[in-house]
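Here is a short briefing for a first look at this structure.

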Amino acid sequence: MSNTPNELFYTQSHEWVRIEDDGSVTVGISEHAQALLGDMVFIELPEIDSELDVGQDCAVIESVKAASDIYSPVAGTVIAINEALEDAPETINSDAYGEGWIFKLQPASLSDVRELMSAEEYSALITEDED
Amino acid sequence: MNKTPLYDQHLAMNAKMVDFSGWNMPIHYGSQLNEHNIVRSDAGMFDVSHMNVLDLRGEQAKAFLQKLVANDVDQLKSDGKALYTCMLNEQAGVIDDLIIYFIHNSYYRIVLNAATRKKDLAWITQQSEHFNLTLESPEGLAMIAIQGPNARTKVHQVLDDETCTKVAEMKPFNACFCGELFIARTGYTGEDGYEIVLPASGVEVLWTKLRQAGVAPIGLGARDTLRLEAAMSLYGADMDESISPLECNLNWTVAWQPVERDFIGRTALQKQREAGVEYKLVGLLLEGRGVLRGHQRVVSDAGDGKVTSGTFSPTLGRSIALARVPVAMGNRCQVEIRGKLQDARVVKPPFVHHGKACYEELN
């Protein structure tokens, strides 16, 4: 059973979102997703300042097994990207909710974020997957 | 879904299980990359009990195999010798690739792919109608492949003295029965090692003993990156029924001599050989970042081709692939990865041999 921290929000496509004190949000992929994908070997990050729609594909991670698109959980502007992942994509495997964050957004509206899945809802979703 | 006799062992080792052609198999036990590196540097073991073992007995077994497959079992002169070959249809397309072990006299053991089990058995049964032989797919067998530079030493530690002496002097691509164990010095990783077939009832004990001897369990994920570094063909990816051995780098497995040997597909293959083939299978090294994957388009001045198998090579730290490309293609090409063309170098595989880079540059 994968770890799904309570303070985060989640998407159907397995991104997690954390609301920061300054109103920005940090995005990564869940522990469940990294386990499914396996060892990460390559990442293509979004461009800083790019405007993203909700659900827009904005990054690609490749594991030994497969390439996977990352979708923007909400509409917003990219304000930071985790460049350290370019040399060490495996950080997503070892610390999916911490050092393995992928990008930060200034969201168009924080209420969009609060409408995403809670940890409880996401856990229920992936429990179906894991059975 | 089918389970192998080691299913519970995999779960106990926290394996990530996946559906592999109807079999519930371990893809990795935590990290595919680590597992890959263990096989290149030490010793790892794979549950390959899903593979298909077929025993052929009878006076006409040899004559039948000389018709059934493109390589010639007449090359198997001593007991236990193994032969890699393709089984072709009349159009010279590959139905499956397989290993044939010559046990003794009129007894051969064949190991075929799991994914093609049903069609293989149907084809072999149909072709054997007019031959005096028996085909048996023994029930209740399991199979473990132990591979890596330290694999044989570690296997020897868990065998009894008599078996150990017998297999220690066995040459590569040979096999022997040792009591209930059928031990072959073969594999699918480019490393030395054994493949052991045994009754399912004894496989958990052997698996546990091997673990205690320091052999790590390895999932099918690493099996694929290992075989691709070694440029060993994967049926269904690098070849299938629409591809002849001449189009997938398997010319060396076709025995043209003696000319009288009328194996299935020979006429079509001969025609293709005389007319010349349009495609060849080459190795690709991606110059930049990213990962080559099966079905990606290969672009060159000589025309387009496609990636048949691609992955990230843990040993080389970059992406590698096998690709079917026009015969005239030179040493450079581009591959379309998610809509962008990226540069790749064409090389002569294998990419890795005994843990070291070994591909040859083309001029």
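Two strands pair if DSSP finds at least two bridges between them. Helices (H or I, at least four residues) and strands (E, at least two) are DSSP runs, numbered from the N terminus. This is a predicted model, in which local features need pLDDT of at least 70 and side-chain atom pairs count only at pLDDT 80 or more, while totals for chains, interfaces and linings use all residues. Residues are numbered from 1 along each chain as its sequence is written, chains are lettered from A and ligands numbered from 1 in the order in which they are written, and side-chain values use heavy atoms, with hydrogens and water left out.

**Strands and sheets of chain B**

- B:Phe182 stands opposite B:Val197 in strand E12 of chain B.
- Strand E11 (residues 181-184) and strand E12 (residues 193-199) of chain B run antiparallel and are joined by three bridges.
- An open sheet of six strands in chain B has the order E10-E11-E12-E9-E3-E13, and its pairing is mixed.
- Its edge strands are E10 (175-178) and E13 (216-217) of chain B, each of which pairs on one side only.
- In a regular strand the side chains alternate between the two faces of the sheet.
- Elsewhere, strand E1 (residues 16-20) of chain B runs antiparallel to E2(B), with five bridges joining them.
- In that pairing, B:Met17 stands opposite B:Pro26 in E2(B).
- The hairpin of E1(B) and E2(B) has two residues between the strands, and B:Ser21 takes a positive phi near 45° there.

**Two domains in chain B**

- Chain B is assigned domain 1 (1-276) and domain 2 (278-361); such bounds come from an automatic or database domain assignment.
- The contact (heavy atoms within 4.5 Å) takes 22 residues from domain 1 of chain B and 23 residues from domain 2 of chain B.
- The C-alpha centres of domain 1 and domain 2 of chain B lie 26 Å apart.
- The size of an interface is often given as the accessible area lost when the parts come together.
- Buried area here is the accessible area (1.4 Å probe) that two parts lose on being put together, summed over both.
- Domain 1 and domain 2 of chain B bury about 1700 Å² between them, with 56% of it on carbon and sulfur atoms.
- How many salt bridges are there between domain 1 and domain 2 of chain B? The count is zero. A salt bridge is a side-chain nitrogen of Lys or Arg within 4 Å of a carboxyl oxygen of Asp or Glu.
- Twelve residue pairs (both at pLDDT 80 or more) are in polar contact across the interface of domain 1 and domain 2 of chain B.
- A polar contact is a pair of N or O atoms within 3.5 Å; within protein, one must be able to donate a hydrogen and the other to accept it, and residues adjacent in sequence count only if both atoms are side-chain atoms.
- On the side of domain 1 of chain B that touches domain 2 of chain B, helix H2 (32-41) and helix H8 (220-229) of chain B are the elements that give two or more residues.

**Where chain B meets chain A**

- 15 residues of chain B are in contact with 16 residues of chain A.
- Chain B and chain A bury about 1400 Å² between them, 49% of it on carbon and sulfur atoms.
- In chain B, B:Arg289, B:Arg293 and B:Arg338 lose the most area to chain A, together 42% of what that side buries.
- Four salt bridges cross the interface of chain B and chain A.
- B:Arg338 and A:Glu44 meet in a salt bridge through their side chains (3.1 Å, N to O).
- This pair runs from A:Glu44 in strand E4 (residues 40-44) of chain A to B:Arg338 in the loop between strand E18 (332-337) and strand E19 (340-348) of chain B.
- Eleven residue pairs (both at pLDDT 80 or more) are in polar contact between chain B and chain A.
- Strand E2 (23-28), H2 and strand E16 (305-313) of chain B each supply at least two residues of the side that touches chain A.

**Backbone details in chain B**

- A cis peptide bond joins B:Gln257 and B:Pro258, with omega about -5°.
- B:Pro258 lies in the loop between H8 and helix H9 (266-275) of chain B.
- The peptide bond from B:Pro349 to B:Pro350 is also cis, with omega near 5°.
- B:Asn105 is not a glycine, yet has a positive phi of about 40°.
- B:Asn105 lies in the loop between strand E6 (94-104) and strand E7 (107-112) of chain B.
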